[in-house]
Amino acid sequence: MFKFLRRKLKRIEEKIEEELEEELKKEREEEEKKEEEIEKRIEEEIKRTVETRREIARAIGVKKPRKRAVVSDEKIDEILWDLEMSLLEADVALTVAESIREHVKEELRSLPLDRSSLRESVRTALKNAIAHVLRASSGDFSEILESEKKPFVILFVGVNGSGKTTAIAKLAHYLKKHGKSVVIAAADTFRAGAIEQLEEHARRLDVKLIKHRQGADPAAVAYDAIEHAKAKRKDFVLIDTAGRMQTNVNLMDEMAKIKRVAKPDMVIFVGDALAGNDAVEQARKFNEVVGVDGIILTKVDADAKGGSALSIAYTIGKPLLFIGVGQGYDDQIPFEPDWMIERIFGED
């Protein structure tokens with residue numbers, strides 16, 4: 001996964017390294033020239049004294065201060081323009097690409113001029129910039145697990161085909177593994193297949209499903225599920241809703257109605273990693289209409305670019321809670337920034 005983004009960042013690393021190597025070469029040539037001039041001017045005895053001092057310094061571990069590689073602002077901007085374009089090609093949102101660009105620019109201004117660690121320094125600059133974005137986007141769902149409110153109601157929103165129904169089933173499995181009881185509300189009443197799909201998941205997971213007939217009022221389904229959970233002292237209610245495009249005003253208004261009736265404690269947007277920047281725009285629109293509290297990103301394992309995983313939470317300022325990395329119930333894992341950094345910068 002993320003192979004496209006990894007290749008792009010690798011090329012940028014190499015370009016930055018080449019530029020700094022050139023600066024290093026110039027600096028080395030200047031130093032050698034100065035040393036030759038000094039050797040011609042100083043007497044042999046002074047040279048011996050200097051050598052003695054060096055030996056003493058070496059013996060007691062005194063290190064010569066490392067010089068700093070100085071690359072012109074014009075050259076840095078040229079390199080980072082390529083970085084920004086590469087990030088945009090990988091479906092990274094513009095605001096995120098700009099943030100990464102500025103972070104890398106600051107670090108490039110004063111990289112240590114040390115050939116042995118030059119490559120590592122360049123990679124560290126890129127890693128730090130991306131880590132800054134990812135860590136600003138991460139959230140901790142374990143806090144929700146400890147909530148004393150019963151039932152804790154979660155409303156799921158997203159567009160058609162994003163994997164929302166499956167994401168709900170995977171979260172129900174996750175909650176059960178942590179000792180929590182779950183009720184699922186099949187409030188996607190527009191599509192008979194969605195109700196049947198949830199019925200099958202509920203049977204496999206052994207959780208209670210509340211459903212009405214196809215075409216029923218989705219808000220009524222959500223209400224009944226919450227009332228059942230209250231009566232049975234269940235821990236969580238997970239409410240599925242019909243997938244809808246963020247541009248459909250009527251369906252988005254209906255979503256707002258479901259929220260008014262259900263009064264959820266959390267709204268989770270489910271996005272498809274393969275949708276790229278479209279997923280970012282969808283999340284932004286749903287956040288405007290119903291208010292999003294967290295994000296689940298599906299199909300991350302099939303995403304070669306990685307832009308949406310890098311962008312979606314940072315762009316709307318909401319935490320990325322879980323990512324889908326496979327088909328099984330256990331293949332929806334809490335998002336960890338270091339997990340993604342390792343897959344972007346790790347070896348193939």
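Reader: Which side chains meet in a salt bridge at 3.3 Å, N to O?

Author: Side chains of opposite charge can pair when their charged atoms come close. In this predicted model, Asp-240 and Lys-164 form such a salt bridge. The pair links distant parts of the chain, with Asp-240 in strand E6 (residues 236-241) and Lys-164 in helix H7 (residues 164-177), 76 residues apart.

Reader: Is Asp-240 buried or exposed?

Author: Buried means under 20% relative accessible area. Asp-240 is at 0% and therefore counts as buried. Lys-164, at 6%, is buried too.

Reader: Where does Lys-177 of helix H7 find its partner?

Author: The side chain of Lys-177 meets that of Asp-330 in a salt bridge of 3.1 Å, N to O. Asp-330 lies in the loop between strand E9 (320-324) and strand E10 (332-334), so the pair ties together parts that are 153 residues apart in sequence. Asp-330 is partly exposed at 48% relative accessibility, and Lys-177 is exposed at 56%.

Reader: How many salt bridges does the structure hold?

Author: The structure holds 14. Among them is the bridge between Arg-135 and Asp-338, at 2.5 Å, N to O. Arg-135 belongs to helix H5 (residues 118-137) and Asp-338 to helix H13 (residues 337-345), so this pair joins parts 203 residues apart in sequence. Arg-135 is partly exposed, with a relative accessible area of 47%; Asp-338 is also partly exposed at 47%.

Reader: Which residues are linked in a network of salt bridges?

Author: Glu-200, Arg-203 and Arg-204 are linked in this way.

Note on methods. Residues numbered from 1 in each chain as written. Predicted model: local features only at pLDDT ≥ 70, side-chain atom pairs only at ≥ 80, totals over all residues. Heavy atoms only, no water. Salt bridge = Lys/Arg side-chain N within 4 Å of Asp/Glu carboxyl O. Helix = DSSP H or I, 4+ residues; strand = E, 2+ residues; numbered from the N terminus. Buried < 20%, exposed > 50% of the residue type's maximum accessible area, 1.4 Å probe, protein only.
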